Amino acid sequence: MLFSAGENDIIETVTLLVFQLAAILVVAKIGGEIFVRYLRLPAVIGELVGGVIIGPFALGDLIPV
């Protein structure tokens, strides 16, 4: 057996975290592009708004019950 039960849980948790952070980064990048192209505002504002909007939803399942 390559991994024990405890190590497998850690690997699943870290993998979930990586995917959640990737989702936040993608949404932040899209928000930045929208703010620059259509609203003529700095991209960082759109990135912050995108991260704040999706952050709690994406990281909500991080703690297993």
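Patches are made of residues with over 30% relative accessible area and no salt bridge, where like charges are joined within 9 Å and nonpolar side chains (Val, Leu, Ile, Met, Phe, Trp, Tyr) within 5 Å. The structure shown is a predicted model, in which local features need pLDDT of at least 70 and side-chain atom pairs count only at pLDDT 80 or more, while totals for chains, interfaces and linings use all residues. Residues are numbered from 1 along each chain as its sequence is written, and side-chain values use heavy atoms, with hydrogens and water left out.

View 1. Helices (H or I, at least four residues) and strands (E, at least two) are DSSP runs, numbered from the N terminus. Of the 65 residues in the protein chain, 15% are buried, where buried means under 20% relative accessible area, exposed means over 50%, and partly exposed lies in between (1.4 Å probe, protein chains only). The accessible surface of the chain comes to about 5200 Å², and 75% of this belongs to carbon and sulfur atoms; such areas come from the Shrake-Rupley method with a 1.4 Å probe, and for residues only the protein chains shown count as cover.

**View 2. A nonpolar patch lies on the surface.** Its members are V26, I30, I34, Y38, L39, L41, V44, I45, L48, V49, I53 and F57, which together have about 1200 Å² of accessible area. Helices α1 (5-37) and α2 each supply at least two residues of the patch, and α2 gives the most, with six. V49 lies in helix α2 and is partly exposed, because its relative accessible area is 34%.

**View 3. G50 is a buried residue in helix α2 (residues 43-58).** G50 counts as buried because its relative accessibility is 7%. The C-alpha atoms of G50 and I30 are separated by 7.8 Å, although these residues are 20 apart along the chain.

**View 4. K29, E33 and E33's other partner, R37, take part in salt bridges.** A salt bridge is a side-chain nitrogen of Lys or Arg within 4 Å of a carboxyl oxygen of Asp or Glu. Between K29 and E33, the closest N and O atoms are 3.9 Å apart, and both residues lie in helix α1, four residues apart, about one turn of the helix. The side chains of E33 and R37 meet in a salt bridge of 3.4 Å, N to O. Salt bridges that share partners join K29, E33 and R37 into one network. At 54% relative accessibility, R37 counts as exposed, whereas E33, at 33%, counts as partly exposed.
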